[in-house]
Amino acid sequence: MIQTVRKAWGIPELRKKITFTLLILLIYRIGSAIPVPFIDGRQLEATFESMGSTFLGLLNMMTGGALSMATLFALGIQPYINSSIIIQLLTVAIPALERMQREGGEEGKKKIQAITRYSTVAIALLQAWGYYSILKTNYLLESTGIWPALVIIVSFVAGSSFLMWLGEQVNEFGVGNGISMILFAGIISRIPSAISGMMEGVTIWSGVKDGLITREGLISSFTAQYPAQKADRIADMADQYLSRAMAPWVIPLILLGVLLLIVLIVFVSDAERRIPVQYAKRQVGRKMYGGQSTHLPMKVNMSGVLPIIFAQSIASLPVTIWTFVGIPEKETTAYSIYSFFDSKSILYMVVYFLMIIGFSYFYSTIQFNPIEISNNLKKNGGFIPGFRPGKPTSDFIAKVLSKITLFGAIYLGIVAIVPLIAGKFLPTSALAIGGTSVIIVVGVALETVQALESQMLMRQYKGFLE
């Protein structure tokens with residue numbers, strides 16, 4: 001990987017593309033540090049510490065902590081990702097959109113891109129209003145009224161729209177996929193804070209062990225710092241602070257687990273099932289064509305990280321809604337129901353795992369159509385040895401696809417669930433969304449290296465032809 005980047009840097013044109021991409025990422029990080037006015041940032045960060053394993057915690061991780069600081073890019077690139085997924089699903093469901101994508105050519109693609117952009121603004125507006133509602137419900141606004149609400153919502157929508165434009169510029173003038181690179185930069189930027197969080201956890205563990213840090217002392221300290229917060233909210237903040245305590249022997253275990261996770265992700269990312277395909281010989285005039293043997297590649301994890309993101313957003317929907325309206329008080333029926341759906345409960349983990357498997361099958365059927373592949377092979381004179389062209393071929397491809405998707409879905413489920421299970425037994429809550437972030441970072445790194453290698457290969461062929 002490092003060798004590939006060094007070789008690419010030696011080519012002037014690729015050097016310009018890499019520099020442009022780095023400049024865009026620098027602008028993104030600067031925007032992620034510009035706070036939006038009328039928001040109490042200190043209390044907001046304290047509130048988000050108790051939401052680490054919820055869907056809002058996942059969004060905060062993907063925005064590089066911008067959501068918990070209420071900065072200009074607090075919504076991140078998520079509205080554009082959601083819009084792209086929704087339009088992709090509607091393309092399958094609505095015949096007019098499907099015709100536009102398949103038969104519209106370049107003009108059809110531009111129309112779908114325009115629809116995606118408008119949908120992004122609409123989703124960003126909805127998310128900005130929801131985020132403002134959370135801030136207002138939890139008393140995190142320095143001043144209320146129509147003007148502060150308008151400034152906060154417009155700032156979030158403008159920041160998200162600007163990020164969408166930056167991602168498109170990377171696609172056109174930079175290296176790799178712009179949206180993926182912005183996600184990558186946001187997650188990577190959290191590494192220093194994660195390291196400092198581990199060191200702080202060791203300090204808290206030492207303080208608790210020596211009796212210097214107690215729950216009662218924390219409650220009195222937080223009450224003085226945040227006088228507007230309720231008593232049960234202050235108690236939750238104290239418990240959350242104590243849960244960050246980390247014994248020194250836990251750190252090597254976490255690092256070993258992350259390394260094993262990276263090895264597993266790289267292995268599965270490159271894994272594919274190759275179905276042999278042969279093409280029949282055919283004579284055109286005096287020339288003989290065909291007779292070649294090739295293969296049909298089928299990726300084990302063709303849906304990427306999308307099933308995890310969708311499954312987590314739906315599985316944590318009850319807790320997220322409660323966050324909007326306010327977390328219920330302890331020792332009440334509402335709080336018992338809330339704990340039942342919490343991300344640390346067994347029910348949540350089971351539902352989360354099953355949803356990942358379901359969404360994996362859903363995305364594989366959208367991205368890989370066995371009937372269409374079979375028809376294309378038949379038109380080009382290709383066949384799979386041992387199977388007749390037509391329905392037998394499509395049935396065989398569907399059977400192989402089902403088996404591969406099951407393996408890929410179980411792999412995604414394990415990667416997503418293991419950090420949650422480890423978080424229940426290890427004295428830290430920082431592992432709750434670790435699997436998702438590692439999949440995104442490793443996937444984007446591999447994708448970018450492949451893009452650089454293809455660009456260098458293309459220039460070698462171009463130089464040879466010239």
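**View 1. Helix α2 supplies the largest share of a nonpolar surface patch, namely four residues.** The model is predicted, so local features need pLDDT of at least 70 and side-chain atom pairs count only at pLDDT 80 or more, while totals for chains, interfaces and linings use all residues. Residues are numbered from 1 along each chain as its sequence is written, and side-chain values use heavy atoms, with hydrogens and water left out. At least two patch residues come from each of α2 (12-31) and α9 (146-173), helices being DSSP runs (H or I) of at least four residues.

**View 2. L23 lies in helix α2.**

**View 3. The largest cavity has a volume of about 40 Å³.** A cavity is a set of points on a 1 Å grid where a 1.4 Å probe fits but cannot get out, and lining residues have an atom within 4 Å of a point. The lining consists of V300, N301, M302, S303, S360, S364, T405, G408 and A409, with α20 giving the most, three residues.

**View 4. The second largest cavity has a volume of about 30 Å³.** Y28, M62, T63, G76, I77, Q78, I182 and L183 line this second cavity.

How values were computed:
1 Å grid on protein atoms, 1.4 Å probe; cavity = no way out; pocket = protein on both sides within 12 Å on 5 of 7 lines; lining within 4 Å. Points joined across faces, edges and corners; volume = space filled by probe spheres on them.
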